[in-house]
Amino acid sequence: MGRAPALREAARLTVLAWLSIQGLALVDSLELEFAPGLNVLTGETGAGKSIVLGSIGLLLGERADAAWLRAGATRGFVEGTFDLSARPDLVEAVRALEVEPEESRVVVRREIHADGRSRALVNGRTTLLGPLRALGEVLVDLHGQHEHQQLLKPERQADFFDLWAGTAGEREEVERERAALLESARALAEARARAESDRENEARLREDAEELKRAALQVDEEEHLRRERDRLQHRERILAGVSEAADSILDDERGAAAVLKRTARGLQHAAALDAGLAPLLDDAQALLSQAADLGGRIEQERERLLEDPLDLDALESRLDRIHRLKRKHGVDLPGLVALAAELDARLRALAPNEDSLQDGERAHAKRLDAFRARLDRFIASRAAAATPFAKEVGTRLAKLGFGKAALRVESAERVAAREGAGRDGGFVDPPSIPGLHFSFQPNPGEAARPIQRIASGGELSRVMLAVKSLMAERDRVSVLVFDEVDQGIGGAVAEEVGRLLHSLGERRQVLCITHLPMIAAFGSRHFEVSKGVEAGRTTTSVRALEGSDREDEIARLLAGARATDTTRKQARELLRAAADVPAATGATAATKRATAPAAQAAKRRKGAA
């Protein structure tokens, strides 16, 4: 694969800058550098023009299989370089698709193998077809095949119309408000459901709350009760030990207090005679005081034990009550204490919550009414723009050979009713923004049909051209590809198609296959697609035409293989007229003079092709 050539400064607005096709269909190796503005491709029928556009379709995520491969090839690929340096909006759009441009460029590659496998890469990284199609819809709008025609998608028709009508910003605000209302409605519904559940279970809530209130539980109560239970279970042994201790201190004859009392008395007599014994007397008296105090406390404990009723059953009952409540509510004792407070709060909040809910629901209803009024104003703004939109498109359709054809903007609901389709029970609450349909009426008095039902590829492409020329300054898509746009037209209509394509190319890059010289003359760059035999194999080649080569090709389009000096002169006049006349001013007399002599011949050749 060769490198993409450096872009000239003049081509800074080009988006599809370079295309390489290798080993596909009749192409052995082909590389094209596209220009800004209108790029036209011409050539004999069957030369392979559709291969170029089909290859672009592969870059956009169209189905690929081994049938695409050149006979005998084991693999082939198409690669395109999209230069976004002049379109920061597209840089942000592709970043939103998790594609990071490299030096403001995106390189898309599609490989096809003989076993039917295909692989897609974006900037060298493998990607799935879904993300590739999403990227393609941002970059290219391909007309002439029903795939990748965004205006054929009902959900996109509203986007295009709102962009043209200047209601896109208002629509975004309405959509944000609707999303906020949906969230508000969801929160209110959940709160109402909780309140109703609480109300329905109020009796149970009160019963549980009263039960926990009567239990008067304490966080550390269970451990205390277990200790008391253990004490009561060993009461007799504890009492015997306490009694023995009391007797060993308080016994009148042999108790520690009696012994210390005699000791203190002896030391008192001795100290009266020997002052040096006074410290011993003090120590003896202190021990006597401590023994008396300890004995008194032990005696009090023995009396308490003797008087303490045998309340073990009450303790067991209390512990059993705690265990039962823990099992019932599935929480521990601290959880039961917290649950008691929670139930009390829920019961106290029932009435105030109802008032708060009603206030919230009234506020929501008021906000919803305001939203409906705003939505009505938005729909009215759309309706007001529908007539001038249809009028401007109708004017372009007339110039493109449709006579009094019309493109109408209708709400999706109205179209569904007319088509006999069912509805889903009406608008949701809050109501959604109604969709829009573009309906095409080819002749007065005939029924309008959705544009996706236009059968003819040429008619469809011209309708798209009419709309796209109107949308050029507002549409984000940067590359427009038209095929069959010249089907069934000629003369002044063909010239008007060329003028519109050229005008569209002033704002967007345009690629167009054409058989008509009146269209080809308007191209900023002209490619000739030809088919020949090389080394015994049929091969499609493409070359960019300039100067006399381009004049020869325009002459061939005018008169076929019988090109003469006269047709070459007509070709030069046609090219000069297309180059000199601004697209907005229409055809000049020179252009008409150049096209008139060969118009019928070109029409006959086109019909034969």
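Serine 104 lies in the loop between H2 and S5, elements taken from DSSP runs numbered from the N terminus (helices, H or I, at least four residues; strands, E, at least two). The model is predicted: local features need pLDDT of at least 70, side-chain atom pairs count only at pLDDT 80 or more, and totals for chains, interfaces and linings use all residues. Residues are numbered from 1 along each chain as its sequence is written, and side-chain values use heavy atoms, without hydrogens and water.

Most residues other than glycine have a negative phi. Serine 104 is not a glycine, yet its phi is positive, about 65°. Its relative accessibility is 28%, which counts as partly exposed (buried is under 20% relative accessible area, exposed over 50%, partly exposed in between; 1.4 Å probe, protein chains only). Glutamate 98 is found in the loop between helix H2 (88–95) and strand S5 (105–113). Its phi is also positive, near 65°. Glutamate 98 is exposed, at 78% relative accessible area.

Helix H5 (residues 168–200) has 33 residues and should span 48 Å at 1.5 Å a residue (1.5 Å times one less than the number of residues). The end C-alpha atoms of H5 are 47 Å apart, which agrees. Buried residues of H5 include Val174, Leu181, Leu188 and Ala195.

Helix H6 (residues 202–215) and helix H11 (residues 312–329) have axes that come within 12 Å and cross at roughly 150° (lines fitted to C-alpha atoms over the stretch in contact; angles run from 0 to 180 degrees between N-to-C directions). The two helices, H6 and H11, are therefore roughly antiparallel (angles over 145 degrees).

Note on methods
Angles under 35 degrees count as roughly parallel, over 145 as roughly antiparallel, 65 to 115 as roughly perpendicular and the rest as oblique.
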